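Reader: I am new to this structure and would like to learn how its features are read, step by step. Could we begin with a sheet and then move on to the places where parts touch?

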Amino acid sequence: MANKHVDQPTGTETVGHEWDGIEELDTPLPRWWLWTFYLCIAFALGYSVVYPAWPMLNSGTQGLLGWTSRGQLAKDMSVSDQAHTSMRELLARIPIERLADNSALMKQAVAGGHAAFKVNCSQCHGSGAAGSQTLGYPNLNDDDWLWGGDIKTIEVTLTHGIRQHGDDKTRSSAMPPFEGVFNPGQIAALSAHILSLSGKAKPNSEGAALFAQNCISCHGINGEGGRNVGAPRLNDAIWLYGGTSAEIGRQIQRPRMGVMPSWGGRLDPVTIKMLAAYVHSLGGGEDFVEVAKDPAVPVHVRP
Amino acid sequence: MSDPDEFSLNETKADTAAATAGSSATAAPEAATQRHTAHEPSRIPLPGKLYESRKTVHNKRIDGPFRRFKWLVMAITLAIYYVTPWLRWDRGPYAPDQAVLIDLAHRRFYMFSIEIWPQEFYFVAGLLIMAGIGLFLVTSAVGRAWCGYACPQTVWTDLFQHVDRFFDGDRNARMRLDAVPWGVNKVLQRTVKWSIYLVIGFWTGGAWIMYFADAPTLVHDFWRGEAAPAAYITAAFLTLATVALGGFMREQVCIYMCPWPRIQSAMLDERSLLVTYKDWRGEPRGSLKKAEREPDKVGDCIDCMQCVQVCPTGIDIREGPQIGCITCALCIDACDKVMAEIGRPRGLIDYATLEDCRAEAAGLPPKPVWKTLLHPRTIAYFLIWGSIGLVMLFALGNRSHTGLTVAPDRNPPFMLMSDGSVRNAYTLRLRNMESRPRKMEIAVEGLPGAAMWDETIGRAQAAPKLVFEVPADQLLAVRAYVVAPAGTATKDFNFRITSLDEQRESEEVGTKFTSPEDE
């Protein structure tokens, strides 16, 4: 420290440090640079008055402008909602059966449905809509539908839910439990017959007879299922609760039957339309055959 | 201004002078080593002060070959800057017709016949690397020529200094005006001059935004108040920055703010061309009268201070190479003029390498200029620079204007269909880099029995090949479903894209088909 001296060639004082013979000059700052420092300090003080800055015991200073990040978010969200208003109005007016004709609107509906799905549906059906076999949540990507897979039917299922009390139009049915009705041998024979419908086991006459007596009224003669009662197809490769003989036997004795909330009271019709379009777009959607008239649907805009 | 390098360079010089002291009567070794204390007062009047106030540079007008060259470079660089956005280039109906356009909104960079997409930004990175190595090349060959002639800070400072000269007169008049206390006249004079500064700044900032939008449209919108806020903000910011940096900061930018002088001082060596005061010839300095009296005791420098007065950064070149010297060579013009007037040979201050100086001081014949320029370092830089350029040109010429990227769905990775077949979903991005819509065919290869469909057609129309119409100069995102018969195992396969036009450009992209069979 005490080694300060004036450097001969430059006439500048050194800072007094020396590293292997290299010394540092104590060159003064240019004045404008000093002013830049002062300006920065003034800016920082002004900023801390205008914006929230100083931490206090419970919260912090609010700032003169009253800016908050929550307020900013609310503002951004309402701007985004405003931007979607026209799309939502169009969606409200178009009957869902005709949505496929307007491919641009369909794309927007699918995108909006994707977002709504993540918020409302992914808890059970998974973020990729692949469901869960162990938990019994249906996979929405495939082409196997319990209640029907055209876009209108999907919308109805979404609106009224499945097995919901208090909704007259809810999808409802019940499979009787056969626990105690059949002995273990009969259960095994029936399970084997059901597997044989999709070629996964050899047919057997005992199982076929039991199936004809007890099951065909809902599941059909060949196990083709019945969508009016939500009876699953049994002659395909897809099993909601598992496709092994034991899993099928368990389902015969103690049937599990899925439920879904009726979204009609929770989500507005436009969001449900978008969700239906999204689910329909996942790759297993079926074509709609009827053509409906324009209904006079009031415009619902999210508050 | 005080840089460690200065010591070594000065020492080299001193050594040179000492080595030649025996043969030259004009330079005594003591004189060479002590001239700092002998001639220059300390640059900092009060050591230990917190700051140093700026001394305004009032550089004198000078004419000469280097000044004329500077005019020429200034005219060319300013012309390039202002004219380029107005050049047109026909690209057909689907692309803008501006020759050089950075279209940020659509993420396209147009440069004459070249069009660059964001994912090809490595071309721009390559250009920047070339610019960097180009600067190394220039530095190793001709020293700080960039600083002296082509740097925007230099060009605009020069421009503003000419404005000063035009309104306030030459050096002495400006110094007098500076000293005059503020009054009506001075306020008027300054207002007029600073308004001109603002106009120049505005033209500079205004020209900059032309590179980012269609220039005629932007000018029209700008004056009608309909241009994007970013255009006004950028123009305003650059206007103020130009006025601040070119009108007021000037040499302070070179001395305090710019990293380039520091980098250059590390890159210069004894073979770099520098503006050099030949101290063995000039020292000791003396007036003409003194020289007449004692011709053997004084050198060629008559201490007329012309080299200091014309300097745009206000340095004294006779102190040796320094960070403040941008090697604009105006001092060479000034000194040559004086030497011609007093009948001494030109080149007391001249472009010379330190090696040249040593040789010249020792009385050796001068090295030819081409030998100075072509030394191994410059050749190596040139080869690196040239090969990067060639590689980039090759890559640019050979790039395909058709492209495909494939992203398989991961959630869920596969989908079992009711007939036992397996479906995978992919997001395909079809790239059409031509400025016209093109039909492109996507084919699934290496997956027996597979068929593909997308959102617009159902599974009923699934086929191994699909044709898409890709809009001009755009990317088309397609969600494609590929279904393979039951029993297909997880395996790799390819999507092939083929443009259905005379170019028949084709690209194969490998991806994976995932199946439950392996689980």
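Reader: In what order do the four strands of the open sheet in chain B lie?

Author: Strands of a sheet pair through backbone hydrogen bonds, and they can do so in parallel or antiparallel fashion. In this model, which is predicted, the open sheet of chain B has four strands that follow the order S12-S10-S14-S15, and their pairing is antiparallel. The edges are formed by strand S12 (465–470) and strand S15 (506–513) of chain B, each of which pairs on one side only. On average, and with direction ignored, neighbouring strands of this sheet are turned by 25° against each other.

Reader: How many bridges join S10 to S12 in chain B?

Author: Strand S10 of chain B, residues 438–445, is joined to S12(B) by six bridges, and the two run antiparallel. To find your place along this pair, look for Met440(B), which stands opposite Phe468(B) in S12(B).

Reader: Let us turn to the two chains. How many residues does each of chain A and chain B bring to the contact?

Author: Chain A contributes 30 residues and chain B 32 residues. On the side of chain A that touches chain B, the elements giving two or more residues are strand S2 (22–25), strand S3 (29–30) and helix H1 (31–50) of chain A, and the largest share, four residues, comes from H1(A). Sorted by class, that side of chain A has 13 nonpolar, nine polar and eight charged residues.

Reader: In which sense do S3(A) and strand S1 of chain B pair?

Author: S3(A) and strand S1 of chain B, residues 51–52, pair in the parallel sense over two bridges. Within this pairing, Pro30(A) has Glu52(B) in S1(B) as its bridge partner.

Reader: Which domains does the assignment give for each chain?

Author: For chain A, the assignment gives domain 1 (1–65), domain 2 (85–172 + 259–281) and domain 3 (184–253), and the C-alpha centres of domain 1 and domain 3 of chain A lie 82 Å apart. For chain B, it gives domain 1 (4–41 + 264–367), domain 2 (65–258) and domain 3 (402–518).

Reader: What makes up the contact between domain 1 and domain 2 of chain B?

Author: This contact takes 19 residues from domain 1 of chain B and 22 residues from domain 2 of chain B. On the side of domain 1 that touches domain 2, helix H12 (260–267) and helix H16 (330–342) of chain B are the elements that give two or more residues, and H16(B) gives the most, with three residues. The residues of that side of domain 1 divide into eleven nonpolar, seven polar and one charged.

Technical notes
Residues are numbered from 1 along each chain as its sequence is written. Chains are lettered from A and ligands numbered from 1 in the order in which they are written. This is a predicted model: local features need pLDDT of at least 70, side-chain atom pairs count only at pLDDT 80 or more; totals for chains, interfaces and linings use all residues. Two strands pair if DSSP finds at least two bridges between them. Axes are lines fitted to C-alpha atoms, for helices over the stretch in contact, and angles run from 0 to 180 degrees between N-to-C directions. Domain bounds come from an automatic or database domain assignment. Two residues are in contact if their C-beta atoms, placed from the backbone, lie within 7 Å. Ala, Val, Leu, Ile, Met, Phe, Trp, Tyr, Cys and Pro count as nonpolar, Asp, Glu, Lys and Arg as charged, and the others, Gly among them, as polar.
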